[in-house]
Amino acid sequence: MRTAALIMAAGRGERLGRATPKQYLPLGGRPMLAWSIEALLALPEVDRLSVVIHPDDATAYARAVEGCADPRLAPPVAGGADRADSVLA
């Protein structure tokens, strides 16, 4: 059996009131998203990890995964108009 993990990171974080979406804000010197990716890739059961991002966040995402050479991390997927569309993507 193969196991895939999915991180939904296409949100804008508007309730936080910051210009930068919360998944890209630093926590302990690294973007929050980087911590989530690292935690999932630490699980040997995860065969593939896909991250759904907002289409405007390609640069921020690239910074968040900089240095991650794990082949299980798939290229990011562009999210849709709402969460359901993003999951379907």
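Select Ile37. Leaving aside neighbours within four places in sequence, Ile37 is in contact with Ile7, Leu49, Val51, Tyr61, Val65 and Leu73. Contact here means heavy atoms within 4.5 Å.

Before moving on, note that this is a predicted model: local features need pLDDT of at least 70, side-chain atom pairs count only at pLDDT 80 or more, and totals for chains, interfaces and linings use all residues. Residues are numbered from 1 along each chain as its sequence is written, and side-chain values use heavy atoms, with hydrogens and water left out.

Buried means under 20% relative accessible area, exposed over 50%, and partly exposed in between (1.4 Å probe, protein chains only). Helices (H or I, at least four residues) and strands (E, at least two) are DSSP runs, numbered from the N terminus.

**Tyr24**

Go to the loop between β1 and β2, where Tyr24 sits. Is Tyr24 buried or exposed? Tyr24 is buried, at 9% relative accessible area. Not counting residues up to four places away in sequence, Tyr24 touches Ala9, Pro31, Leu33, Ile53, Asp57, Ala60, Tyr61 and Ala64. Draw a C-alpha to C-alpha line from Tyr24 to Tyr61: the two are 37 residues apart in sequence and 7.6 Å apart in space.

**Arg15**

Stay in the loop between β1 and β2 (26-27) and pick Arg15. Arg15 is exposed, with a relative accessible area of 85%. Arg15 and Arg72 lie 32 Å apart, C-alpha to C-alpha.

**Met8**

Now select Met8, in strand β1. Met8 is partly exposed, at 28% relative accessible area. Setting aside neighbours within four places in sequence, its contacts are Val52, Arg83, Ser86 and Val87.

**A charge over a ring**

Show the side chains of Arg30 and Trp35. The charged end of Arg30 sits over the Trp35 ring, 4.2 Å from its centre. The test is NZ of Lys or CZ of Arg within 6 Å of the ring centre and within 35 degrees of the ring normal.
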